Protein chains: 2
Amino acid sequence: MNLKQLSHQLGLSQTTVSRALNNYPEVNAATRERVKQAAKEFNYRPNARATGLATGRAGAIGHVIPVNSSEVLNPIFTEFIAGASQTYSTQGYELILSLAPEGSEDAVYRQLAARKSVDGIIVHGPRVNDHRIPLLQGLGLPFVLHGRDTTNSTEYAWIDINNRRAFFQATKLLADLGHKRIALINGDVAQTFTARRRSGYLDALQQTGLRADESLMFHSDLTEANGYQAASELLASEDPPTAFLVSSYMSALGVRHAIHNARLSLGPDVSVIIHDDDLSYGHNSGDIPQFTATRSSVKDAGILAAEMLLSIIDNPDAPLPTKLLEANLIIGASTGPRKQH
Amino acid sequence: MNLKQLSHQLGLSQTTVSRALNNYPEVNAATRERVKQAAKEFNYRPNARATGLATGRAGAIGHVIPVNSSEVLNPIFTEFIAGASQTYSTQGYELILSLAPEGSEDAVYRQLAARKSVDGIIVHGPRVNDHRIPLLQGLGLPFVLHGRDTTNSTEYAWIDINNRRAFFQATKLLADLGHKRIALINGDVAQTFTARRRSGYLDALQQTGLRADESLMFHSDLTEANGYQAASELLASEDPPTAFLVSSYMSALGVRHAIHNARLSLGPDVSVIIHDDDLSYGHNSGDIPQFTATRSSVKDAGILAAEMLLSIIDNPDAPLPTKLLEANLIIGASTGPRKQH
DNA sequence: GTTGAGTTTGAAAGCGCTTTGAATGCACAG
DNA sequence: CTGTGCATTCAAAGCGCTTTCAAACTCAAC
């Protein structure tokens, strides 16, 4: 059933039917009702391609997921997209997903822009001095960055969590608990959040008079295996840390494993604070969650990012929105005062 | 730059330019070259909406991800989609992603069909007696199921791993190692793979003369927390299992945790075999992987599923393809003979 | 009875492509 | 020179919508 057939059914022109369905004011209320009724009855939906062509809007948002060199797909993308998708479906947008090898997203962006496949883009996994920002600015395609660039000083829309503050507070808490040697199991150095978290950690160390020790800081993809390996090495060292700050739930499972392997117990012997993206399958909740955490729902970030992007599209002349979300510090079972010997 | 402008530039008609770019034979070779050159120079790409409207094909595939009642998003979707996406990008298709609350995907499918947004659909997470199959058959939308229904006997395209055989073999291996009490940490009962895995497990028990014990079988979402809880309970019971068969890497991390908490060691004391989807962030590789596993790359399944779907679209009258992938049994460090007391 | 404003509807153009059917030009046979 | 076949090109229609502009109708005011 298309518009022509539907309007024929109703004995009306395509114009009127179209207007009725799109809530234009100049349609008689009774007519509109009749049209909407019929549309429902025949399960009529405007052809997406035709609408897009006629309006010049794609009715779709592009999400381009970077696949990094080690082929690790960050599972938080799924969760973020789940949030964004929620926004799109209420607003009648579709979500176009594209995976691109990290560093060669250009072709994908250019393609989406040239083919007019999307009205805007969510940029995932920003990297230090990310060339995607100037590229998209050049293409004139609205976008929202999930995260921030560290160096780019131009105006662009972003949503991020306050990584610095979260890691500052977490580090401070560990220091206040008496921990002197606090390890940082962080993400890939190319990711901008990594630098911010590190900087929050370093500031807190300095403020509490602790010495920063590069040998306590690890940077790699946030996998369980990497968390395990880093923590194992550290715990086997001469002067092992008594606390860990871990950038993801996934890595923390590896850290926990290493702690147990070293015949230590999580909490009493070794404190751990994780950053918790509140992933649906990574339960760290309950009255006393397993891990003390700085928590911020990445799904909510997805919802908000999508809303921001749609608002930019609807309102291209408004100033570009930015949003900084604070993480909540949640006290769980994995932290405690440093054991005195 | 659109077709009109490009053809004007070239002093040719839109017809000829279109044909040249789409490799129609009736274009002079020299002209074609000139056109392609110009298209590249001006970065011309046909407008996706217009092409779609003119050809009647959407140039897009829909992936509808079910979000279950506990809101757990299965992380393997990401990997599967990463695979599928690879296929699409080489074939010029786009991927439209949609999340839908489990059980109410109907509206999403109907919408995609009515709006002609996609040429086909990948059905994720098939459930027992899945009503999506007849629905899509009714809508006339080509689809490929990732998995199989257990009951539906009509013809449909699917790709699946041989869950029965994988779990049969894994169970058999554990039995051969002398284990008498083998626990099964399985997925949500509504998922069809759960039943198949269970049936492989039960068959192997029977064949090896072991008694099936319902109290050793757990069914729930494949999260770390669920794995931990199930294994903890089992290990604390009067007659605890000496081996575990675990449906996912994620659950296995919980099981491992429970084993360590019980002051047992993985491998020597308690054997564990997992099903390993070969997720990029769930490393279980190396010479001797941590876990003995039945392994099958879900990313490869995504690649193949997409290829199958595109072939159905290109060739609607051919018989519907199906594909059964075998999992590889990988011996890792988590299995060993049952300890004699 | 005419006018003008306001309400409601419709014809037709246009979005950017593909594709049909026709036209053009040219080589070559008769 | 005419006719035929082939290679190459083009004008125009059409895909299914939205939107402009014009038309028709109603009704109150003069």
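A salt bridge is a side-chain nitrogen of Lys or Arg within 4 Å of a carboxyl oxygen of Asp or Glu. Keep that in mind for this talk.

First, the ground rules. This is a predicted model, where local features need pLDDT of at least 70 and side-chain atom pairs count only at pLDDT 80 or more, while totals for chains, interfaces and linings use all residues. Residues are numbered from 1 along each chain as its sequence is written, chains are lettered from A and ligands numbered from 1 in the order in which they are written, and side-chain values use heavy atoms, with hydrogens and water left out.

Now the count. Over all chains, the structure holds 36 salt bridges.

Start in chain B. Arg132(B) pairs with Asp130(B) in a salt bridge, and their closest N and O atoms are 2.6 Å apart. Buried or exposed, Arg132(B)? Arg132(B) counts as buried, because its relative accessibility is 1%. The cut-offs: buried is under 20% relative accessible area, exposed is over 50%, and partly exposed lies in between, with a 1.4 Å probe and protein chains only. Asp130(B), at 3%, is buried too.

Within it, Asp130(A) and Arg132(A) meet through their side chains at 2.6 Å, N to O. Asp130(A) is buried at 3%. Arg132(A) is buried at 1%.

One more pair. Arg211(A) bridges to Asp213(A), with the closest N and O atoms 3.8 Å apart. Arg211(A) is exposed, at 61% relative accessibility. Asp213(A) is buried, at 14%.
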